[in-house]
Amino acid sequence: MTNRTTQRPHSLRRRGMASVFALLLLVVLSSLAASMAVVAQANLRAADGALLAARAQGAAESGLVFAAHRLARESSRFVVARGVVDDGFATRLWSGSWTLADGAVSVLPPEGFDGPLSPAGLAEALRDAHDADRGTFAPDAAHGTLPSILADGVLVTRPLRLEEGDDRVWFQVTYARVEGTPNIRVTALGVAGDIRRTLSMDFRLGKRIEYALLSPNRVMIGKNVLVEGPLGTRYGTVAGELTAANGDPLVMRSDFRDLSTALDARLDALVAAVAVADVDGDGRLRPAHSLEGGDLDVLGFTDVDGNGFVDDFDLFLGEFDADGDGGVVWDETRTAQAGLGELSAEFTGVDDQLARLIDLAVPDRNDDGVVDARDVRLGYSDGVLNSLDVYAKVHGNLAFGVEESAWEGTAGEPWQQLAQGPIAPSDREAAARFEVDANELREINTDDFSASAQWFSTQAQSNFDTQANAGLADGGSHTPAAVAPFEAVPYGSPTAYDFYQRPIYEGITFTDVRIPKGLNALFRDCTFLGTCYLETETACTDTKWNYAGALKVVNASDGSVSFAPRFPSVTAQLASTTLNDTRPHSNSIRFDGCTFLGSIAGDTPAQYTHWRNKVQITGATRFYSDPDDPEIQLQPDAATLRAQLLALGTEKLDRLQRSSIMLPGWSVDVGNFTNEVASDPDLTPRVRLRGTIVAGVMDIRGTADLFGTLLMTFRPVAGQGPLSFNGIPESFNTTIGYFGTSDGDGEGALPGDAGFAGFGEIRLRYDPDAKLPDGVPWPISVDPVAETYREGAAP
Amino acid sequence: MLRDASLRRPSLSRARGFTLIEAAVATMIVGSGIVAVMAAHRAFHAQNAWAAEAATAQQLGAEMRELMLGLPQRDPVTNDDLWGSEPDESGVGDLDDLDDFDDAVFDSADGTGPLNALREPIADMDGWRQRVFVENIDPFELTRTVDDGTSDLMRITVVIERRTAADEEPREFTRVSWIAPRR
């Protein structure tokens, strides 16, 4: 069968098909071209969009950085006495609604722009600063009324150009309080063309004194003392303070002195080389550095521990590393326990306290919150001194008010010969800074703490005898002063300036107690819950207050010892009353092996009278105020301590945690000259101080662990107070560690002297989280809260 | 076997060729189409090349930004006393503060660049270079430059340029700019 309908059309009907094919091909080519155009345009748009997005992101980041800078700068104008910036105080600071209960708030004048001298609050200060910006513009009419504080307290600022004449790239920032926190939230909008990016981050308002030690008097850091944190002193900025003899703002002794004569000689050579070549002031020399490393080969110094520096520790390793393995074994038992095998001791019996100090420094080496075998693998308590211990005399930086050339010119030698030992500064910080501004390195005095002292005063009860009698009934003991032995002041000093017969209270628990003036007692193994408040006569301004009634030791030819008035004819005036002895009107107290679950505070003497108003802390005295302090768990009576702290209540603990010692104007000695060391060194009594410690002048010797900030209040002035009788300012110094008379510390003895008993073992660590007591006038600080960083607009 | 006449191939004698006019018109149409496509292709290629180079330039800017972002404004030792790299800072690894980078050029031509964030020259980046400008700016007028070392705010600008064989002078592809405060 044939189907005609399926036959192909006649060829004549195919005429013109070439044009059709050509047109079809043209359509294909056009489509191809169109798709290429689309793809190319898309690529172009993508690349252009990416560039704009990057610029918008950059603008937003610049806005965030700019706002953080502006916020920090304006916040620092607010100098506050209140110690803690909480949600409520932050709100009042922001709005300017602080009250008398918040303590003094002073606002410094604006810097860099002409604005109102006294803005009502931080929000207004920021607004004024943004109002002074000259690079602002208004992309649309709504921006014309900015900067403005909205009804809800949010500050909205005007857009700022990043490039002159370029209105396509700009940023705008807003500031808002974050309720329930002391934070300010900064939101930065970055714009590039039509692309917008938004970033936000919170910044915490706070108050931090970023020093381990801050002092107006000179500072002495001895051998066997490690410091973690910055040190600051304004000594030397007043005429007459700098002297060639001992008037140095800072004296530091190398930890490796007095170990061997040969090492001392090499340390001398290193100190001389550091004084010449150390361009960054860190007490170390870098072998790879063109200037610092120049003479190291000639001097024969090598970087033994391989940390990139030649310092005291390298010389020590070179001296005692007998097997040349880069480490010095000091405790074979610990090396075995650490799994390092049976290594031979290389440094035993020379200075075990130094070895312990270095090897046991920074227990939590991996910073994971627990001390375990991993930390031992990182060098903690492994019985070997090596690079794992990351040794430095000071992990932090030094801040001086004095001019470097003034100090060196008076001393007649480079300051690095006086302040010896390697300094490991934090990133971006110089190891040593001079002429630090008074607003940054502030001087504090006794008046600053009147409010804090008042709080402690109201807490304490005037029932000392009642509590003491209750303690005696409960198993404590009391030895009257008349039958107690005389003891030297300072305790254990071979060059004591006074002697006391103290009543002794032992094994008694006191709660929120006032120690009456004139008690001059020794408390041994006592527990103080809450506040231990020391009363004294505040009007102790007579220049002879220190000396009226002072005793001296009299050694008879038959070998007997007696005590007689040191200055028989000296009296002191208290208003119209003449006093032959000022002891009954003062308080010199020694706490030995006591436990403080709270703070020591006291009346503030109007004059620094260190012979009479003195607190000495010896033995294994402990301070705790935080029930969650991990160190409490290491105590044998941990459960009891924690329960007693919790019973004090949250509000009270909050105040107690701000300062473990609040004794402005007092002389405070921690430790003693006898350097007691137990047969098991791990059990050596160790004074543990926590929080902000306020005193006039402080001496710390023996074995101590200090975690917080030491604030000294006494600035010695020639001819005034205790310096009335030819005294010189350099005689009053904050001493940490052991020094002798040749260093200007008249209370100490030198190695080899009869009264010398070792150098001790002291760690001073700055606690960035320490709460501050009220009273210290200090600028508001701003810290970024990293976890609050957000990209994208708020929902 | 039956044969279906409709399935038979047409006779060759019936297959007539295109006329000259048909061929000419078709050639003209196809030719102009091809020419247009070729021209478009060249333009699109140039656009794509620009897009690719812009992406590279953006990356090079980001590398420099990453490199410099964590640095302090001033040298911790010489502080404001010296602008630019300190005398003992000879290599790029020694540059430890922002003003050390002022007027620095990291160029593939001399092997110094372009750098990645780890301060290492990036391979196979012929013709590319990073130029860095660091200047202090008025904290209250961000677009105004002030004397070196006289303010707390800095503006860092990284200009990314490329010079090919056809270029007499390097061409700027992009610039990255940001603000850094004194810390």
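Leu340(A) lies in the loop between α7 and α8 of chain A; helices (H or I, at least four residues) and strands (E, at least two) are DSSP runs, numbered from the N terminus. This is a predicted model, in which local features need pLDDT of at least 70 and side-chain atom pairs count only at pLDDT 80 or more, while totals for chains, interfaces and linings use all residues. Residues are numbered from 1 along each chain as its sequence is written, chains are lettered from A and ligands numbered from 1 in the order in which they are written, and side-chain values use heavy atoms, with hydrogens and water left out. The model as a whole scores ipTM 0.77 and pTM 0.78.

Leu340(A) counts as partly exposed because its relative accessibility is 39%; buried means under 20% relative accessible area, exposed over 50%, and partly exposed in between (1.4 Å probe, protein chains only). Once its neighbours within four places in sequence are set aside, Leu340(A) is in contact (heavy atoms within 4.5 Å) with Thr335(A), Asp382(A) and Val384(A). Val384(A) is 44 residues away from Leu340(A) in sequence, and the two C-alpha atoms are 9.3 Å apart.

The loop between α7 (332-337) and α8 (352-359) also holds Phe347(A). The ring of Phe347(A) forms an aromatic pair with that of Phe316(A), with 5.0 Å between the centres and 85° between the planes, which is edge-to-face. Rings of Phe, Tyr and Trp (its six-membered ring) pair if their centres lie within 6.5 Å; planes under 30 degrees apart count as stacked, over 60 as edge-to-face and the rest as tilted. This pair links distant parts of the chain, since Phe316(A) belongs to helix α6 (residues 312-320) and the two residues are 31 apart. Phe316(A) counts as buried because its relative accessibility is 0%, and Phe347(A) is buried, also with a relative accessible area of 0%.

A further pair joins Trp455(A) and Phe456(A): the ring centres are 5.1 Å apart and the planes stand at 80°, so this pair is edge-to-face. Both of these residues are buried. Over all chains, 43 aromatic pairs are found. Ring pairs also link a cluster in chain A, whose members include Phe464(A), Tyr505(A), Phe510(A) and Phe623(A).

A charge sits over a ring if NZ of Lys or CZ of Arg is within 6 Å of the ring centre and within 35 degrees of the ring normal. Arg284(A) lies over the face of Phe309(A), 3.6 Å from the ring centre. Likewise, the charged end of Arg502(A) sits over the ring of Tyr500(A), 4.8 Å from its centre.

Arg502(A) is also part of a network of salt bridges with Glu487(A), Arg524(A), Arg590(A) and Asp592(A). A salt bridge is a side-chain nitrogen of Lys or Arg within 4 Å of a carboxyl oxygen of Asp or Glu. In general, side chains of opposite charge can pair when their charged atoms come close. By this rule there are 58 salt bridges over all chains.

Asp102(A) and Arg92(A) form one, with their closest N and O atoms 2.8 Å apart. Asp102(A) lies in the loop between α2 (87-95) and β2 (105-107), whereas Arg92(A) is in helix α2, 10 residues away. Asp102(A) is buried at 3% relative accessibility, but Arg92(A) is partly exposed at 24%.

Glu443(A) and Arg715(A) form another, with 2.5 Å between the closest N and O atoms. Glu443(A) is in the loop between β18 (432-433) and α12 (450-459) and Arg715(A) in the loop between β36 (703-712) and β37 (733-736), so the pair ties together parts that are 272 residues apart in sequence. Glu443(A) is partly exposed at 38%, while Arg715(A) is buried at 13%.

Arg583(A) and Asp498(A) also meet in a salt bridge, at 2.8 Å from N to O. Here Arg583(A), in the loop between β29 (577-579) and β30 (588-592), is joined to Asp498(A) in strand β21 (residues 498-501), 85 residues away. Arg583(A) is buried at 9% relative accessibility, and Asp498(A) is buried at 0%.
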